[in-house]
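This report describes selected secondary-structure elements and their packing. The sequence and structure are shown first.

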Amino acid sequence: MSSLGRRDFLGRLGALAAVPAGLQAQDSLAGRGDVGTLRDPYAVGRPRDVTRIEDYDERIKAIEHRLACNCGCTLDVFTCRTTDFTCTYSPKLHREVVAMDKAGKSAQEILDAFVAEYGEKALMAPKPEGFNLWGYLLPGSLILAAGAGLFAFVSRRRVTVAAAGAEAPDAAPSGAGPTATPEELERLRQALAEVED
Amino acid sequence: MTLLGQFALWVALLLGVWSATVAFSGRWQGREELRRSISGAVYGSFAALAVAALALWKGLVTHDFNIEYVAAYTSRNLPSGYIVSALWAGQKGSLLFWALVLSLFASLAQVLTPRRYAALLPYVAGVTSAVTAFFVCTMIFAANPFERLPFTPADGRGLNPQLQNPGMMIHPPMLYLGYISITIPFAFAVAALLSRSLDTGWIHAIRKWTLVSWLFLSIGITLGMWWAYVELGWGGYWAWDPVENASLLPWLTMTAFLHSVMIQEKRGMLKRWNLGLIIGTFLLSIFGTFITRSGVIASVHSFTQSNVGYFFLAFLAVSGVLAFTLLYTRWPSLRAEVQLESMLSREAAFLFNNLLLVGVAFSVLWGTLFPILSELVRGSKITVGPPFFNRVNIPIGLLLLALTGVGPLIAWRKASTANLRRQFTAPVASGLVTLVGLLASGMRDFYAIMALALAGFVAGTIVQEFWRGVRARRRMHGESVPLAFSRLVARNRRRYGGYLVHVGVLIYFVAFSGMAFKREMEATLKPGQSVRMQSPFGHTYTLTHMGVSQFEALNRIVSAATVAVAKDGKPEGLMTSEKRQHVDSFKRPTFEPSTEVGIRSGLQEDLYITYAGSVNGTEEAVYRFTINPLVWWLWFGGFVLVFGGVVTMWPGGGPTVAAPRRAVAGYEVALVGGGPE
């Protein structure tokens with residue numbers, strides 16, 4: 001746990017957004033040389049390739065975050081290849097993304113190429129077009145419609161109640177003032193206090 | 001013991017059928033012995049299921065690998081804690097655990113419910129017994145935990161490594177307790193409908209149960225996020241996975257109910273809505289179970305695909321049709337006692353809060369099912385992942401956060417302009433100051449800015465409420481601030497416990513906003529090599545790979561990769577991430593190697609290290625480094641939320657004898673005020 005104090009933390013919260021993204025970089029510090037061999041190499045899973053600069057390039061990552069791995073994990077390609085180290089699909093998909101990127105394709109062209117090859121399920125979220133618009137718009141539309149309906153219903157009822165009150169001015173006492181006894185006023189005050197809770 | 005277990009399951013099934021049949025037939029009325037037999041069957045069912053659970057536990061503890069379930073989920077070298085928790089690790093055992101806890105809750109409902117609600121209890125027993133019988137029936141005919149193998153393996157397969165985490169000993173039971181306890185409020189709602197006791201009595205009878213359900217669900221969901229964060233290794237805690245969504249759905253509708261029930265108690269409104277919410281919450285809990293256990297939607301959290309899904313689908317359909325038909329038949333008796341008078345009232349704010357909570361629930365359900373719908377309509381498969389859910393739900397979530405602050409500020413019935421000005425000035429100023437501060441500091445992520453600014457507004461409302469309460473007590477009783485504060489909360493636990501829950505919610509949103517600034521990178525490092533990584537807070541981490549060591553521990557071969565961490569050049573210590581190859585007692589590998597992440601948690605951010613593997617069997621290691629801002633606050637927010645929930649339900653904080661009067665108080669006040677309804 002950091003020893004950061006609350007005041008320091010609050011003071012530095014604003015710095016959260018002040019630093020531009022993408023400043024992380026692999027250092028060029030030289031290693032100490034010898035690389036030991038593991039006693040049981042199989043215990044660490046599938047052998048890994050050396051990470052290249054394109055493996056964590058922000059642009060590649062952004063594309064891969066929008067592409068679904070097709071191993072059945074429900075994760076995106078970047079997350080799967082850097083999390084599920086038994087998956088053989090996501091490294092392959094990653095290589096395809098890198099190859100297309102090197103071939104000069106834009107992010108959208110790469111996404112389109114994946115859709116053409118693997119179908120629409122290759123995207124982490126369906127394109128907001130055609131039938132998919134139902135998926136994106138229905139919840140918000142229903143909430144707006146229900147809210148508007150509720151507002152209209154209450155407004156109409158309020159008008160009706162006010163009109164009924166105007167037509168029948170003697171139907172109820174006009175206030176608690178002159179006809180209420182102190183005991184009644186106290187009861188009213190207590191009732192209101194309870195309701196305010 | 002398997003024979004005893006099988007026998008106990010059959011006994012539980014017969015008792016459940018008896019209790020439900022007698023209760024729903026109504027023949028117990030006027031026949032005390034029959035009435036007693038209903039509750040007696042509930043207790044008997046619990047005893048039988050306890051025997052069955054003990055039988056399975058005995059099989060687990062004694063390594064009786066002839067039992068298929070024991071062989072599938074344990075091994076001789078599995079740590080004893082996980083042998084005990086293996087009861088709920090698999091499909092079959094967890095069904096038994098579910099039925100056991102449900103029968104326990106059903107018995108407690110019979111014992112603990114005050115006698116003034118005695119007329120409801122036979123029906124309550126009938127509903128809980130029917131649900132218990134369904135679970136036992138599913139076990140006996142589709143997922144029998146006592147099924148034997150034709151041979152006895154020398155050792156079991158062991159428990160999935162990802163389940164070998166202390167969180168998995170607590171998280172599933174908490175979530176199950178939440179899911180299961182929803183049955184009790186549902187049972188009371190059905191009992192109220194059947195017996196036509198549609199006043200606020202059933203609401204008071206289930207108050208503690210609804211809070212217990214909500215509390216367990218909250219704990220279960222938060223622990224699930226924590227488990228996913230520390231165990232799954234992807235650097236996040238919520239992936240909008242169908243099973244995660246399934247746990248969120250009943251929580252959302254239950255939260256809506258906890259708000260709208262206040263309107264029914266105080267104003268006698270929303271009776272139909274509240275019954276609908278309780279029925280809907282129960283059905284969503286069954287739906288969640290169906291999603292988790294059917295394999296109909298791909299999820300990393302699912303149990304093995306099996307035909308129990310059909311049982312749950314049928315049960316969901318039947319119970320939904322029956323419950324809503326019953327509600328429909330009682331519709332005319334459920335008219336509101338008073339009507340909503342103004343859009344500027346607390347009732348209206350609560351209504352919109354309900355609208356948004358149910359809207360989010362619908363949105364999550366819609367997104368979860370949309371791939372199936374798309375395939376049915378268009379014949380093409382799609383993936384609906386986090387980008388979809390974030391785009392649809394974040395705006396609704398922010399509106400909900402805003403209403404969290406608005407609701408408590410507006411008066412009941414109708415707020416005056418003066419009231420609004422007095423209540424809103426300080427909180428709005430608090431929100432605006434936060435907004436300006438964030439913009440001045442250079443933050444530009446729209447949703448993060450909105451979440452933090454609204455959190456500032458909500459914090460302002462809560463501080464104002466506490467401050468006014470404390471000030472009033474100091475003025476009236478001359479108490480010191482700490483004394484006034486503690487008495488304020490102690491004497492009005494429901495209200496101020498609720499505010500604490502709101503504090504927890506706003507802390508959640510602050511933590512969520514931090515993930516907009518997540519940083520991640522990969523690196524391959526030889527021993528001694530370093531990598532630098534800049535935090536969104538401005539400092540720089542230097543991460544130096546120290547090497548990989550391998551050793552045997554308990555039931556696994558551990559490969560531990562160690563990283564020396566320095567922050568702005570100052571050494572901060574070592575962090576370790578592991579690869580674990582689990583083995584059985586004959587040293588044979590049981591699962592693929594799993595990963596244990598290294599986490600250094602702080603108030604600002606978590607440094608999260610994942611050892612991905614090695615290059616060519618050497619110590620040259622591949623890492624993923626992630627900086628997750630504000631994650632610590634998520635766990636703290638969960639603690640505050642649960643603490644607030646406990647305060648709310650602590651004895652003495654519930655409805656008093658005055659509560660029934662409150663239900664009609666608005667009506668009385670309206671007459672005195674002169675406006676006819």
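In strand 3 of chain B, which residue is the bridge partner of S530(B)? The partner is T544(B).

## Basis of the description

The model is predicted, so local features are given only at pLDDT of at least 70 and side-chain atom pairs count only at pLDDT 80 or more, whereas totals for chains, interfaces and linings use all residues. Residues are numbered from 1 along each chain as its sequence is written, and chains are lettered from A and ligands numbered from 1 in the order in which they are written.

Helices (H or I, at least four residues) and strands (E, at least two) are DSSP runs, numbered from the N terminus. Strands count as paired if DSSP finds at least two bridges between them.

## The five-stranded sheet

An open sheet of five strands in chain B has the order 2-3-4-5-6, with antiparallel pairing. Strand 2 (530-534) and strand 6 of chain B are its edge strands, each pairing on one side only. On average, neighbouring strands of this sheet are turned by 30° against each other, direction ignored; axes here are lines fitted to C-alpha atoms, for helices over the stretch in contact, and angles run from 0 to 180 degrees between N-to-C directions.

Strand 2 of chain B is joined to strand 3 of chain B by five bridges, and the two run antiparallel. They form a hairpin with five residues between them, and G538(B) in the turn has a positive phi of about 110°. Strand 3 (residues 540-553) of chain B then pairs with strand 4 of chain B over twelve bridges in the antiparallel sense. H545(B) is placed opposite V563(B) of strand 4. This hairpin has two residues between its strands, and L554(B) in the turn shows a positive phi of about 45°.

Strand 4 (residues 556-567) and strand 5 (residues 570-582) of chain B run antiparallel and are joined by twelve bridges. Along this pairing, A561(B) stands opposite S577(B), V563(B) stands opposite M575(B), and K567(B) has K570(B) as its bridge partner. The hairpin of strands 4 and 5 of chain B has two residues between them, with D568(B) in the turn at a positive phi of about 50°.

Strand 5 of chain B is joined to strand 6 (residues 594-596) of chain B by three bridges, again in an antiparallel arrangement. R580(B) stands opposite S594(B) of strand 6.

## The four-stranded sheet

Chain B also holds an open sheet of four strands in the order 1-9-8-7, with antiparallel pairing. Its edge strands, each pairing on one side only, are strand 1 (519-525) and strand 7 (598-601) of chain B. The twist from one strand to the next averages 15°.

Seven bridges connect strand 1 of chain B with strand 9 (residues 621-629) of chain B, and these strands run antiparallel. R519(B) stands opposite I627(B) in strand 9.

## Helices

The axes of helix 5 (residues 91-112) and helix 6 (residues 121-142) of chain B come within 9 Å and cross at roughly 170°. The two helices are therefore roughly antiparallel to each other (angles under 35 degrees count as roughly parallel, over 145 as roughly antiparallel, 65 to 115 as roughly perpendicular and the rest as oblique).

Helix 13 (residues 346-378) of chain B has 33 residues, which at 1.5 Å a residue should span 48 Å; the end C-alpha atoms are 44 Å apart, which agrees. The expected span is 1.5 Å times one less than the number of residues. A kink of about 45° lies at F370(B) in helix 13, shortly before the proline P371(B); the bend at a residue is the angle between axes fitted to the seven residues ending there and the seven starting there. G379(B), with a positive phi near 80°, follows helix 13 of chain B.
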